[in-house]
Amino acid sequence: MPHYVLFALIVVAGTGGELCVSRAMQVVGEVPSFHPADIAKVIARALRIPWMWLGVGMMATAFFALLGALSIYNVSFVVPVTALSYVAGAFGGVAFLRERVSPHRWLGVVLVAIGVTLVILGKN
Amino acid sequence: MMPQRPLHLKTYLLIAVMAIAGPLGNVLLGKGMKHIGQLSVWPLPELFHTGMKIFASGSIWLGIASLIAFFVAYMLVLSLADYSFVQPASSLAYGVVALLGYLMLGERVSPLRWAGIAVICLGVFVVGRTNPRTTERV
């Protein structure tokens, strides 16, 4: 399997998983308190939402892809490259959750993309 | 808008736990996976064998425990401070992971990679300084 597929899986499955969990949590609503009984109720409600299962499945996929990447590359290379999830998150937020992304936030996203490019170029 | 609240020592302590436990978790996962070596995932018995090796590694379990500690600290700190305060602080993690990789695993980090990591931290900081909510709270 080409190695870049692992990074694509970490970023896309990780971000997709977070977006699915966010969507599920939007349905669940705000957590009333951090009392264990309330947290248990929120978890039980969340587990009845298919988005939650899809999200957890995608996040598990991203975790195993991370382990795969760490078996090949140094952690000081892998983790900074996964910052690309901010780029994927901005696009995913616009397309999937209909969020408005401010120019200020796009500036941050562009900086992250430049930083990741430098990390890849400095791969020795 | 949330009323201005003083940030307590507990908040800073939890942010410090976040900034260390997250990167430490990743470094420990890296250590465990490097120790295991080349992964083979096919045919299926090989995948099972690889899975067994991964979950028999103490470093992997310590890494997972560290990432859980990070997640718990993250959840707790979000109940004490605003997301727009917490998120920029978490940008430090990219620098800490490279530093721990260098110190604990002896990884060689080129100057260009350090520069890239610094730009990523700046980018994540800028993203975090923007309003995390684009819709009005009701």
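Predicted model: local features only at pLDDT ≥ 70, side-chain atom pairs only at ≥ 80, totals over all residues.
Residues are numbered from 1 along each chain as its sequence is written, and chains are lettered from A in the order in which they are written.

Entry on the interface. I looked up the contact of the two chains, and found that 30 residues of chain A and 35 residues of chain B take part. On the chain A side, H3 (50-72), H4 (75-81) and H6 (103-121) each supply at least two residues, and H6(A) gives the largest share with 13 residues. I sorted this side of chain A into 17 nonpolar, ten polar and three charged residues, where Ala, Val, Leu, Ile, Met, Phe, Trp, Tyr, Cys and Pro count as nonpolar, Asp, Glu, Lys and Arg as charged, and the others, Gly among them, as polar.

Entry on the chain A fold. I found six helices and zero strands in chain A, helices being DSSP runs (H or I) of at least four residues and strands (E) of at least two.

Entry on one helix pair. I looked up H1 (residues 3-28) and H5 (residues 85-96) of chain A, which pack at about 45° with their axes 9 Å apart. That angle makes H1(A) oblique to H5(A), since angles under 35 degrees count as roughly parallel, over 145 as roughly antiparallel, 65 to 115 as roughly perpendicular and the rest as oblique.

Key. Axes fitted to C-alpha atoms, helices over the stretch in contact; angles between N-to-C directions. Contact = placed C-beta atoms within 7 Å.
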